[in-house]
Every structure is written in C-alpha cells, then in structure tokens.
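Here is a short report to read alongside the structure. Please keep the view open while we walk through a strand, an interface and some charged pairs.

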Amino acid sequence: MNDASTEGSERMIGMQEVTASALLTNKVGLHARPSVKLTQLAKRFASRIEVATSAAGPWTDAKSPVKIMRVKASQGEVLHFKASGADATAAITALVDIVTRKFDEE
Amino acid sequence: MPASKNVGIVIVSHSAKVAEGAADMVRQMVGDNVPLAAAGGNAEGGLGTDVAAIMAAIDRAWSEAGVAILVDLGGAETNSEMAVEMMPEERRERIVICNAPIVEGAVMAATEASGGSPLAVVRATAEELISA
C-alpha cells in the first residue's frame with residue numbers, strides 16, 4: 001500500500017504542469033497556416049498541451065486543428081501555453097520557439 | 001518509397017479545378033507527409049464526378065491506415081460511395097466519406113492525419129467543422 005502511494009506521488013511530480021507565453025509578432029497572427037503549423041508541432045509531443053490568449057483562459061487543446069483555427073489571435077496578442085506530461089518542457093520550448101520564429105513565414 | 005503510415009486524403013469535386021485547388025491548399029498548408037489525391041470532373045472532362053477516377057484516386061492515396069474522402073455536392077458523395085463499394089473488400093472498411101465542407105475538411109483531415117492519428121480521429125476532426 002505504501003509503495004503504491006509513493007509511486008503515485010512520484011507520478012504526480014512527473015506530471016507537473018509547465019507554462020510559458022510568447023508574443024505573436026508575425027503580421028497575420030494565428031491565422032490558417034500558422035494554426036496548422038502549431039497543431040502539427042503540438043501533435044509531436046505526448047503531453048497534453050493547451051493554448052489561451054489570456055492566462056485566465058479559456059484554454060484550447062493545441063492538438064485540435066479545428067479548435068486552434070477558432071482562436072483567431074492577432075499580431076500583438078500573447079499566446080499562453082500549458083503542458084503536462086513526460087515531455088511537457090520540450091513541448092513548451094518548441095511551441096514558444098515556433099511563435100518567436102514567426103512560424104518560419106517572415 | 002515505403003507505404004505511408006498516415007491516413008490518406010482523397011478530394012472529390014464536380015470540378016477538376018476545385019479538386020486540384022483544394023489539394024494544392026493541403027500540400028501548401030500541411031506538407032507532403034500525407035498521401036493525397038484529387039478526382040474532379042466527369043470522364044468527358046466536364047463538370048461531374050467519375051467512379052473510375054475516384055477509385056484511381058483512392059489507389060493513389062492508399063495507406064494501410066486508411067483513406068478519408070472529402071466530397072462536394074450530392075453526386076460526388078453517391079459516386080464516392082459507389083467507388084468504395086467497388087474497392088477490394090479488405091480495403092472497404094478502411095475508407096470513410098467525411099461529412100464536412102470539402103476545402104476546410106481536407107485541410108483539417110490532412111492536418112490531423114499528418115500527426116499519425118487513426119482514421120476515426122481524422123474523420124472526427126473534419127466533421128467537427130460542422131458540429132460546433
């Protein structure tokens with residue numbers, strides 16, 4: 001019993017949520033093509049990943065192309081990311097990076 | 001080239017230009033790691049759809065993970081259903097026709113497929129466009 005609870009708490013630590021944010025500086029913001037690139041990148045990670053335009057939410061599943069397309073964030077807005085799972089840190093780093101790189105479009 | 005593990009996408013329109021244009025959008029927006037084929041127009045080169053051309057498109061986009069078909073108006077759907085019926089039996093259950101707008105559905109389905117999602121998820125993503 002003790003072993004099980006210890007294992008459970010270790011798992012909780014492993015599942016810790018990672019957050020970060022990035023300013024949308026590309027001209028068109030999160031329009032169609034950047035949305036597709038963002039979801040494609042998010043899908044490479046096993047972690048649960050969510051995006052919001054406010055730290056308070058509402059949060060959107062970063063792996064859903066249809067939902068991300070509906071976020072419609074513009075240039076100058078901040079994208080907030082949160083991820084939980086074994087590769088959460090790598091996922092957040094990659095997502096912030098693609099926003100900073102203007103989705104490789106400019 | 002090894003067979004793709006990603007679900008393939010077939011675009012069926014009454015117009016060859018619509019089918020090819022939608023396929024261009026998929027290639028430019030999603031990339032080329034999803035098997036993709038377009039079938040547009042009837043056998044005479046006019047507006048319409050052609051069962052044999054749809055079957056050939058399914059063959060070109062075939063993946064062991066299956067194929068999702070996006071269609072425009074009525075005849076495109078019935079001819080696609082006929083094309084599926086005429087495919088080898090072991091393939092039929094791995095071919096679905098999505099209830100989704102043709103252009104948006106093709107881009108969304110391909111985006112989902114490019115991440116390696118199974119056929120049911122690819123279809124659900126395309127159909128999510130009209131469910132919310």
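## A covered strand in chain B

Strand 3 of chain B spans residues 67-71 and is mostly covered, with five of its five residues buried. Helices (H or I, at least four residues) and strands (E, at least two) are DSSP runs, numbered from the N terminus.

Before going on, a word on the model: it is predicted, so local features need pLDDT of at least 70 and side-chain atom pairs count only at pLDDT 80 or more, while totals for chains, interfaces and linings use all residues. Residues are numbered from 1 along each chain as its sequence is written, chains are lettered from A and ligands numbered from 1 in the order in which they are written, and side-chain values use heavy atoms, with hydrogens and water left out.

## Strand partners

Strand 3 of chain B runs parallel to strand 1 (residues 8-13) of chain B, and five bridges join them. Among these contacts, B:V12 has B:V71 as its bridge partner. Strand 3 of chain B also pairs in the parallel sense with strand 4 (residues 95-97) of chain B, over three bridges; here B:I69 is partnered by B:I97. Two strands count as paired if DSSP finds at least two bridges between them.

The size of an interface is often given as the accessible area lost when the parts come together. Between chain B and chain A the buried area is about 1100 Å², with carbon and sulfur atoms giving 59%; this is the accessible area (1.4 Å probe) that the two parts lose on being put together, summed over both. The contact (heavy atoms within 4.5 Å) takes 14 residues from chain B and 13 residues from chain A.

Two salt bridges cross this interface, each defined as a side-chain nitrogen of Lys or Arg within 4 Å of a carboxyl oxygen of Asp or Glu. One of them joins B:E112 and A:K43 at 2.3 Å, N to O. On the side of chain B that touches chain A, helix 1 (16-30), helix 5 (102-114) and helix 6 (119-131) of chain B each supply at least two residues. Helix 5 of chain B gives the largest share, five residues.

A:K67 also forms a salt bridge with B:E128, with the closest N and O atoms 3.4 Å apart. This pair crosses from helix 3 (residues 65-69) of chain A to helix 6 of chain B. A:K67 is partly exposed at 40% relative accessible area, whereas B:E128 counts as buried at 16%.

## Salt bridges within each chain

Over all chains, the search finds 13 salt bridges. In chain A, the side chains of A:E105 and A:R33 meet at 3.2 Å, N to O. They lie 72 residues apart, A:E105 in the segment after helix 4 (88-100) of chain A and A:R33 in helix 2 (residues 32-42) of chain A. A:R33, A:K37 and A:E105 are linked in a network of salt bridges.

In chain B, B:R94 and B:E64 meet in a salt bridge of 2.9 Å, N to O. B:R94 counts as partly exposed because its relative accessibility is 24%, and B:E64 counts as exposed because its value is 51%.

Key: Buried means under 20% relative accessible area, exposed over 50%, partly exposed in between (1.4 Å probe, protein chains only).
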